[in-house]
Amino acid sequence: MRPVLRRWLKANALLAPTGVWLGIFLIAPLVVVVEFSFATRNTGVARAVLPWTAQAYLTALDPAFLPIFGRTLLYAGATTLLCLVLGFPLAWFIARHGGRYRTALLAAVLIPFWSSYLARIYAWKALLDGEGLVNTVLGWVGLDRDGGFLLTHGAVVLGLTYGFLPFMVLPLYVACERFDVRLVEASHDLGHGRVSTFFRVVLPGVMSGVLAGSLLVLVPAAGDFVTPKLLGGVEQSTFGSVIDDQFRGGNNWPLGSAMAVLLLVLVVVVLVLRGRRGEDVL
Amino acid sequence: MNRRPWALGAVVALVFLFLYAPIAWLAIASFNSSRSLSRISGFSLQWYAELVDDTRVFDSLQLTLQLALSSAVISTVIGTLAAFGLRRAFPGRGLWTVLLSLPLVVPEVVLGVAMLGFFVKLAGVPLGFGALLFAHVAFSLSFVVVVVRSRVSGMDVRLEEAAADLGASPFVAFRTVTLPLVAPAVVAGAAFAFLLSFDDVVISSYLTGVGSTTLPVFVYAQASKRGISPEIVALSTLMVAATALLLIIGVVFASWRARRTGSAAKLAV
């Protein structure tokens, strides 16, 4: 047998169980969603029936949903940016200055996530409300806000950032660890300042991590509905919460499916934009 | 770059403060004498006492643990195989990478409704433990593959070649050389898979059947009616404390063993 063929067979044999599992329980369900999105609404048990129609897409793209799209993209974009701004110093510090405490520091980033996700959100709710700790402390310097910070856009972005930060830190850490620091010295020797070195040497050097991390944060944050619901209130409905409503109430499965397909399109766009860069990190 | 990075250190300290503030607050509030999470009125152990007595929490905790363990075992085994499959380049590897990145990138709500539609459509799969297990493995697998693969691809092939040159059979070489090298990553992947399953709210909330409510779904249903119960806050505090303790024991043990074997104090993972 030719070596290439043997290598191909061996790799696929090892990947087969994963392929079968994902084929049945991931790909098939996603195909079903696409199918539902072209079905007709039905209030019965099946909740989506023939004949085929594009009605759900027309409804989903109705201008009435525009503010919700806009808000969702704003939340997701701001969350990704904030995760980058907070995650990069953390990842760089652990990779470059962590020494033998690297593993312990990385673990320390993950420990809070062993508590219940809902309990963490409720903790933020308590910290941010009118009589919460944040408002009280800010009150000492006169920066408090009537009624606290709950039910604001800021609260939602903060909660989302808290939830998704580890997904940004881990790929960034891998990229920072691989980055050759001597490039920074070389850049300084060649007369570049700190800012110019950061944007022209460091940032391109860790770009694969930045892209991988953003990928793990952006679209999942756009789909999250629990955080916006609990920290932003009913007024702040997002794309995810609209999808959830269509399914949980049994309201309109085709509409919910069409919106889910639109999020899948966003996934594909982001994957294509990223191309092959950063593939080694993820 | 030899200067101590004080400014960077300060920023990092602030980020850690951000990460730990809610957890610290949960721990404080779990000893609160009133139900409120935002106002501390006194010290009490009543929530821990109620937690121990609450059979509903205990039942769903048991189910959640069974589910998380089963999901972690299955996804670790087949995910580790897949990570080895992706070790060397072969035609079609890019396609596998895209397939494996889907569960990481597709929002949970989309996965949840997709799986609900799929299981409802296929009358053969009733909602409940089975459906939950299929789904949890499907979204945890990729995380195991990513974690194990990063270790496998960084591994020096010459170590295994050396073992073969010294007369080790492929099986012996795998058991004595390859496995010990990837073991920390496999453990990390398993822990990741366990955590993902154990804490999942969104996907599970679509797939729970009658009598098979997982703890996060139970908490979510309860919380959306009258806020989160202090018992859950107590349980979360216990979980973080247990994890931190396990990690500290692990780190201490690893450094003790490293010192004993005289090798460089290189911690695992």
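**Close-up views of chains A and B**

**View 1. Helix α12(A) crosses α5(B) in a left-handed sense.** Left-handed means that the near helix is turned anticlockwise from the far one by less than a right angle. This is a predicted model: local features need pLDDT of at least 70, side-chain atom pairs count only at pLDDT 80 or more, and totals for chains, interfaces and linings use all residues. Residues are numbered from 1 along each chain as its sequence is written, with chains lettered from A and ligands numbered from 1 in the order in which they are written. Helices are DSSP runs (H or I, at least four residues), numbered from the N terminus. The two axes, lines fitted to C-alpha atoms over the stretch in contact, come within 10 Å and cross at roughly 15°. The helices are therefore roughly parallel (angles under 35 degrees).

**View 2. Residues of α12(A) meet residues of α5(B).** From α12(A) come G240(A), I243(A), D244(A) and F247(A). From α5(B) come V109(B), V113(B) and L116(B). Contact means C-beta atoms, placed from the backbone, within 7 Å.

**View 3. Chain A touches chain B.** Here 71 residues of chain A contact 77 residues of chain B. Helix α1(A) gives the most to this side of chain A, with 17 residues.

**View 4. Two spans of chain A are listed by UniProt as "transmembrane region" in an unreviewed entry, among them residues 104-123 and 197-222.** Such annotations may be inferred rather than shown by experiment. Residues 104-123 are 70% helix and 0% strand, with end C-alpha atoms 25 Å apart. Residues 197-222 are 96% helix and 0% strand, and their end C-alpha atoms lie 33 Å apart.

Methods
Helix = DSSP H or I, 4+ residues; strand = E, 2+ residues; numbered from the N terminus. Contact = placed C-beta atoms within 7 Å. Axes fitted to C-alpha atoms, helices over the stretch in contact; angles between N-to-C directions. Parallel < 35°, antiparallel > 145°, perpendicular 65-115°, else oblique.
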